[in-house]
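These are notes on the model shown below, kept to numbered points. Please read them with the structure open.

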Amino acid sequence: MAEVNPFASAQQEIKRAVSRLGLHPAVYEVLKQPLRELTVVIPVEMDDGTVRVFTGYRVQHNSALGPAKGGIRFHPDVTLEEVKALAMWMTFKCAVVGLPYGGGKGGVVCNPKELSPGELERLSRGYVRAVAEILGPEKDIPAPDVYTNPRIMAWMMDEFSRYKGYNEFGVITGKPLIVGGSAGRNEATARGCAIVVREAAKMLGIPLAGATVAVQGFGNAGSIVARLLHEMGCRIVAVVDSTGGACNTAGMDPVKLRDHKTKTGSVKGFPGSKPISSTELLTLDCDILVPAALENQITASVAGQVRAKIVAEAANGPTTPEGDRILNQKGIFVIPDILASAGGVTVSYFEWVQNNMGYYWTEEEVNRRLEEIMVRGFHEVVSMRKLGRDVDMRLAAYMVAVKRVAEAMEVRGWLGRAARMTAPRAEALPA
């Protein structure tokens, strides 16, 4: 089977939304490519004295609504096409919940598991030096992503501050609390996902008490969303990580699962569980499926076997376009990634606001504000779904987001006189 290009998938979703909204083709022409792509080489002195050269990327997709915002991932399989897709998704992830940002993303081709702490720090600082010209609180604000963490963000913030000659906490989010991080940031992606799952279950009439949940990916987002759903009364019946899986239909305690993984390096072998593969988990008979790993997990062949009632995409791009069509044909309620995983960037926005004010909120205040934004975002997408004559949730989410970005581009004069747009009416939407 040919590998799915995530950038082409993202373009396809934009084109569908532009068409369904009846917008001028110029909207798609502007949005189908990033505004800026930067490829850099990063020489790093290794612990043995040799110099190794790494390749890094930073992509800024759109800035109509505000500065670029998006994480930096360290992974051996990072490609420019992937980073472009992730930057594009970030534009619409921010727009769908009403944040004043455009989309950005970064990546370095490396395996951080093979690097010592010193090598990792030199790589992190080298990346910032290489892309510093296009970063800044008013330009582009990075954050953690796959295999990066608050410590790495602290190094990056410090390096940029050295470059500027003064503390610039607002250039990076996802930092430790002691250097301008926000309370609640660590749990934000998972908490946002849990909130929209709760809203979807309420709308669909699925009681959370006893609802069965399977989670693919048991890193930060997956392990925390499992805990939060467990606290809401759900039964966690299966989890997998990169090395194995654990399944127990009677339910498993996600806190004990996390402790087991911390001690052994994997969820596999959890007491009382049976092994389960990633594909088996995705096709398990359950109420709620949470893909919280990498892209392109629910392909057409997998989607045909999915039996969950709700699929909540905590990861970026876990479902291919073909897989998505099959899920919708089967009547499975999909909460798309640009909505389900928007909690992280929402609290990153709060962190940036707090850095700019120099005034910091309590965790309760952060969580309350996150709740308001996620609930409003979910119901705006549901409303667009009805306005669009029962389009699927993914298309509805893109319609909400694309409409906002297009309006910003139009009032800024980016689209030219031929592309003057008005807000689409329900009767103007094609059947």
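1. The axes of helices H1 and H15 cross at roughly 75° and come within 9 Å of each other. That makes H1 roughly perpendicular to H15. Axes here are lines fitted to C-alpha atoms, for helices over the stretch in contact, with angles running from 0 to 180 degrees between N-to-C directions; angles under 35 degrees count as roughly parallel, over 145 as roughly antiparallel, 65 to 115 as roughly perpendicular and the rest as oblique. Helices (H or I, at least four residues) and strands (E, at least two) are DSSP runs, numbered from the N terminus.

2. On basis and numbering: this is a predicted model, in which local features need pLDDT of at least 70 and side-chain atom pairs count only at pLDDT 80 or more, while totals for chains, interfaces and linings use all residues. Residues are numbered from 1 along each chain as its sequence is written, and side-chain values use heavy atoms, with hydrogens and water left out.

3. Which residues of H1 meet H15? On the H1 side they are Glu13, Ile14, Arg16, Ala17, Val18, Arg20 and Leu21, and their partners in H15 are Arg394, Leu395, Tyr398, Met399, Val402 and Lys403. Contact means heavy atoms within 4.5 Å.

4. Tyrosine 398 also takes part in an aromatic pair. Its partner is phenylalanine 92, at 5.6 Å centre to centre with 50° between the planes, a tilted arrangement. Rings of Phe, Tyr and Trp (its six-membered ring) pair if their centres lie within 6.5 Å; planes under 30 degrees apart count as stacked, over 60 as edge-to-face and the rest as tilted. Because phenylalanine 92 lies in helix H3 (residues 80-96) and tyrosine 398 in H15, the pair ties together parts that are 306 residues apart in sequence. Phenylalanine 92 is buried at 0% relative accessibility, and tyrosine 398 is buried at 1%. Buried means under 20% relative accessible area, exposed over 50%, and partly exposed in between (1.4 Å probe, protein chains only).

5. A second tilted pair joins phenylalanine 160 and tyrosine 163, with ring centres 5.7 Å apart and planes at 45°. Both residues belong to helix H5 (residues 150-164) and are three residues apart, about one turn of the helix. Phenylalanine 160 is buried at 2%, whereas tyrosine 163 is partly exposed at 44%.

6. The whole structure holds eight aromatic pairs. Tyr101, Tyr349, Phe350, Trp352 and Trp361 make up one aromatic cluster. Arginine 369 lies over the face of tryptophan 361, 4.2 Å from the ring centre. Elsewhere, the charged end of lysine 84 sits over the ring of phenylalanine 7, at 4.4 Å from its centre. The criterion is NZ of Lys or CZ of Arg within 6 Å of the ring centre and within 35 degrees of the ring normal.

7. Helix H11 (residues 321-329) has Pro321, Gly323, Asp324 and Leu327 buried. They cover an arc of only 155° around the axis, which puts them on the same side of H11; the arc is that of the directions from the helix axis to the C-beta atoms. The buried residues of H11 pack against helix H1 (6-21), helix H10 (300-303), strand S11 (333-335) and helix H15 (393-411).

8. Tyrosine 147 has a positive phi of about 60° although it is not a glycine. Most residues other than glycine have a negative phi. Tyrosine 147 lies in the loop between strand S5 (140-144) and H5 and is partly exposed at 39% relative accessibility.
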